[in-house]
Amino acid sequence: MLKVGVLGAGHLGKIHLRLLQQSDKYELVGFYDENQESGAKIAEEFGYKQFHTIATLIHAVDVIDIVTPTLSHYKCAKVAIKSGKHVFIEKPISNTVAEAEEIISLANEYNVKGQVGHVERFNPAFIATKDLIENPMFIETHRLAEFNPRGTDVPVVLDLMIHDIDAILSVVPSKVKLINASGVSVISETPDIANARIEFENGCVANLTASRISLKNMRKSRFFQKDAYISIDFLEKKCEVVKMKDAPEEPGDFDMILQNAEGEKKQIYFANPVIEQNNAILDELNSFADAINNNTVPIVTLEQGTNALRVAYQIIDCFKK
């Protein structure tokens, strides 16, 4: 079992601590949190070992799980990597693209593995449909959340939209060509609502909307491609796949047939991918352990996390124009 330590014991950090303790791939050694008083309460309540310096925790483990505020991701990752430790970094990978690129460079130099916590890649609805998404040409995403002061220190693009940016980049086999975006600050000092249009070199267009001041929660993505429409509800963990094929010579009474202006007939049918319910956070952490133990490429690499961050900042830059 890999010895693991957690940096940061806030809302998400406590979830990681609980799941790492349950995992059969890790031995949870302990945690460090900058707020020593809060850390002491967590240690007393849950029985986790509290470390009082980052250095002592890093020295005691094989893997460091970084769940600190984004501003400190780079600093924590740098110290861990230079100590020869593998790093799991919660999204976004860092505060700037330059920091992310240096994290990649350091990981290569010290021959350690890194993974970024883009948890939606492990959403069971996305897992069930991702192999059916083939060269989509139009994508639409909506990620809406009720207001929560936690996370408002960064633009909604880095807080929410980056989930969809990463998912889209993972299924579109093309480079980004052009980005247009607009954002509005309603409550926070940074945009609370944002819309972005990403055009890819292969002609695919993605339209993304994110809001953290919505009256309801929504996390839906729709993918349109030749002969197929795929809808994913990340929140409800459901999906819908509508496909078309050439109509049979003699359609059945209940077959849905469409005929275009040229007289071509297509049959509409529904595919029902099997969705296997899971704990996405536990799965992403366990998948990183597998990558380390088997010396394979992590499912969400440091490079992919950096690409998502790069696109996010290109969107944010559009707000300033």
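In which loop does Lys237 lie? In this predicted model, Lys237 is placed in the loop between strand S11 (228-233) and strand S12 (238-246), and its phi is near 60°, a positive value in a residue other than glycine. With a relative accessibility of 29%, Lys237 counts as partly exposed.

**Backbone features in loops**

A positive phi is also found at Asn135, where the angle is about 50° although the residue is not a glycine. Asn135 belongs to the loop between helix H6 (124-129) and S6, and at 41% relative accessibility it counts as partly exposed. A further backbone feature concerns the peptide bond from Lys91 to Pro92, which is cis, with omega near -15°; Pro92 itself is found in the loop between strand S4 (86-90) and helix H5 (97-109).

**Salt bridges**

Side chains of opposite charge can pair when their charged atoms come close.

| Pair | N to O distance |
|---|---|
| Asp290 and Lys25 | 3.0 Å |
| Glu140 and Arg222 | 2.3 Å |
| Lys320 and Asp317 | 3.6 Å |

The salt bridge between Asp290 and Lys25 links distant parts of the chain, since Asp290 is in helix H8 (residues 280-294) whereas Lys25 is in the loop between helix H1 (11-22) and strand S2 (26-32), 265 residues apart. Asp290 is partly exposed, with a relative accessible area of 29%, and Lys25, at 27% relative accessibility, likewise counts as partly exposed.

The salt bridge between Glu140 and Arg222 also connects distant parts of the chain, with Glu140 in strand S6 (residues 138-144) and Arg222 in strand S10 (residues 218-225), 82 residues apart. Glu140 counts as buried because its relative accessibility is 16%, which falls under the 20% limit, while Arg222, at 31% relative accessibility, counts as partly exposed.

In the salt bridge formed by Lys320 with Asp317, Lys320 has a relative accessibility of 65% and therefore counts as exposed, whereas Asp317, at 37%, counts as partly exposed. Elsewhere, Glu120, Arg143 and Asp164 are linked in a network of salt bridges.

**A nonpolar surface patch**

On the surface, Phe147, Val184, Val186, Ile187 and Ile193 form a nonpolar patch, with about 420 Å² of accessible area together. One of these residues, Val186, lies in the loop between strand S7 (176-184) and strand S8 (193-200).

Technical notes. Residues numbered from 1 in each chain as written. Predicted model: local features only at pLDDT ≥ 70, side-chain atom pairs only at ≥ 80, totals over all residues. Heavy atoms only, no water. Salt bridge = Lys/Arg side-chain N within 4 Å of Asp/Glu carboxyl O. Helix = DSSP H or I, 4+ residues; strand = E, 2+ residues; numbered from the N terminus. Buried < 20%, exposed > 50% of the residue type's maximum accessible area, 1.4 Å probe, protein only. Patch = residues over 30% accessible without salt bridge, like charges linked within 9 Å, V, L, I, M, F, W, Y side chains within 5 Å. Areas by Shrake-Rupley, 256 points an atom, 1.4 Å probe, with all protein chains shown as cover.
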